[in-house]
Amino acid sequence: MTEETVSGDQQLLELRNRIDNIDAEIANLISERASCALKVAKVKKATGEDALYYRPEREAQVLRRAMERNSGPLTDEEMARLFREIMSACLALEEPVKVAYLGPEGTFTQQAALKHFGNSAKSRPLAVIDEVFREVEAGAVSYGVVPVENSTEGVINHTLDNFMNSNLSICGEVELRIHHHLMISDVTRPESITRIYSHAQSLAQCRKWLDAHYPNVERVAVSSNADAAKRVKGEWNAAAIAGDMAADLYGLKVLSEKIEDRPDNSTRFLIIGTQQVPESGDDKTSLMVSMRNEPGALHDLLEPFRRYGVDLTRVETRPSQSGNWTYVFFIDFTGHRDTSGVAEALKEVGDGASDLKVLGSYPRGVL
Ligand SMILES: O=C(O)C(=O)C[C@]1(C(=O)O)C=C[C@@H](O)C=C1
């Protein structure tokens, strides 16, 4: 053994001893934190039967603080992800949170649910967006996760339309970078691919790549990316476009990575529930407004937002379900409904509209 390797081994031993000591300290601190969370649960329980254990505004503040005080070498996101999991475990001690998401397992919506609630939440896949709304309304789960817009393909109409017949509120948002891969099973012959399965949105997000690499292959739209991955198992002439989770879940091999046309392709998901979320310090609000169908009506309707300096981040139009050629507007803006200025603007907009419903004020997605 050379002198160098001896001293290398010695260094390794010392560093690992240090890591062991640090781990012991971290473990003690995590246990102390978890004991605090249990005491918090007691305080909450004393407020009554329907005590709220999950507090989105507090979680957003904890995560933001974790990022702000981070001085490296871990990235801010990595540091926040670690705290995300610690909080998820603490909340599970207080009361395990039950979440439904647009399934099946392996979809990007499942990934979004995990990103938002962490691994200790109990999550359940449901087949369609309507069902996610229904299960939350029925109280079978406390929260639901549904996609609402994609940066390449735009809004997910089905989610917006569900709000027209629902009393649920938005209590959070989460954004996910979407990477699509072309994947095959162990029996697929790559040179014989004649069919590619995926969700219609994903096929659209990879349109140019498909035109360039598989111009003559049939593109088959199915109900989800996970369903596409499942179908490919056992088909020698088919491939699927889906994400990492689906590839892992169905044991598929990735043939081409990150084939989305736009590198910044991302999807925004909403957390739906029944609770009103207090201010977190960096919030957004979503509204649903209907109004008389006259020229200039939208301009007049939005005018108070401009006057009170409220920053609109999105305006979507959907046909109303109550009559032909009448519309409902879905509006997002920066700020909380209780913040001064916002509250006044909302009152004035409400006075000018035929109907206005605040779908929720919630913390801006942190991770
Ligand atoms: O502060 C609270 O209300 C807690 O319950 C503690 C805690 C945490 O672990 O920090 C856990 C769950 C809540 O969603 C928010 C924060």
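This is a predicted model: local features need pLDDT of at least 70, side-chain atom pairs count only at pLDDT 80 or more; totals for chains, interfaces and linings use all residues.
The ligand was examined next. Its surroundings comprise R33, V40, K44, Y53, Y54, R55, R58, E59, M87, C90, L91 and E94. By class, this shell divides into 6 nonpolar and 6 charged residues, with no polar ones. For K44 the distance is 2.7 Å. For R33 the distance is 2.8 Å. The backbone also takes part: a polar backbone atom of R55 is 2.9 Å from an oxygen atom of the ligand. Taken alone, the ligand exposes 360 Å², and the protein buries 90% of that.

Open pockets were considered separately. The largest pocket holds about 570 Å³ of space. Its lining has 27 residues, and L102, P147, H199, Q201 and S223 lie nearest the centre. At least two lining residues come from each of α4 (108–117), α5 (129–137), β3 (143–150), α6 (157–164), α7 (200–205) and β11 (266–273). The most come from α7, which gives 3 residues. The class count is 11 nonpolar, 15 polar and 1 charged. Domain 2 (98–178) and domain 3 (181–256) each provide at least three residues of this lining.

The second largest pocket has a volume of about 430 Å³. It is lined by 19 residues, and A51, L52, E95, S142 and Y143 are the closest to its centre. Here the lining divides into 11 nonpolar, 4 polar and 4 charged residues. At least three residues are drawn from each of domain 1 (3–91) and domain 2 (98–178).

Over the whole structure, 3 cavities of 30 Å³ or more were found. The largest cavity has a volume of about 190 Å³. Its lining comprises 17 residues, of which L63, H116, E173, G365 and V366 are the closest to the centre. Two or more lining residues come from each of α2, α4 and β5 (169–177). By class, the lining of the largest cavity has 9 nonpolar, 3 polar and 5 charged residues. Domain 1 (3–91) and domain 2 (98–178) each give at least three residues to the lining of the largest cavity.

The second largest cavity contains about 50 Å³ of space. It is lined by 14 residues, with L160, I170, S286, R314 and D332 nearest its centre. Contributions of at least two residues come from each of α6, β11, β12 (283–290), β14 (327–334) and β15 (355–363). The largest share, 3 residues, is that of β14. The lining of the second largest cavity consists of 10 nonpolar, 1 polar and 3 charged residues. Domain 2 (98–178) and domain 4 (277–363) each supply at least three residues of this lining.

Technical notes:
Residues are numbered from 1 along each chain as its sequence is written. Side-chain values use heavy atoms; hydrogens and water are left out. A residue is near a molecule or strand if one of its heavy atoms lies within 4 Å of it. A polar contact is a pair of N or O atoms within 3.5 Å; within protein, one must be able to donate a hydrogen and the other to accept it, and residues adjacent in sequence count only if both atoms are side-chain atoms. Accessible areas come from the Shrake-Rupley method with a 1.4 Å probe; for residues, only the protein chains shown count as cover. Ala, Val, Leu, Ile, Met, Phe, Trp, Tyr, Cys and Pro count as nonpolar, Asp, Glu, Lys and Arg as charged, and the others, Gly among them, as polar. On a 1 Å grid over the protein atoms alone, a cavity is a set of points where a 1.4 Å probe fits but cannot get out, and a pocket is an open set with protein on both sides within 12 Å along at least five of seven lines; lining residues have an atom within 4 Å of a point. Grid points are joined across faces, edges and corners, and a volume is the space filled by probe spheres set on the points. Helices (H or I, at least four residues) and strands (E, at least two) are DSSP runs, numbered from the N terminus. Domain bounds come from an automatic or database domain assignment.
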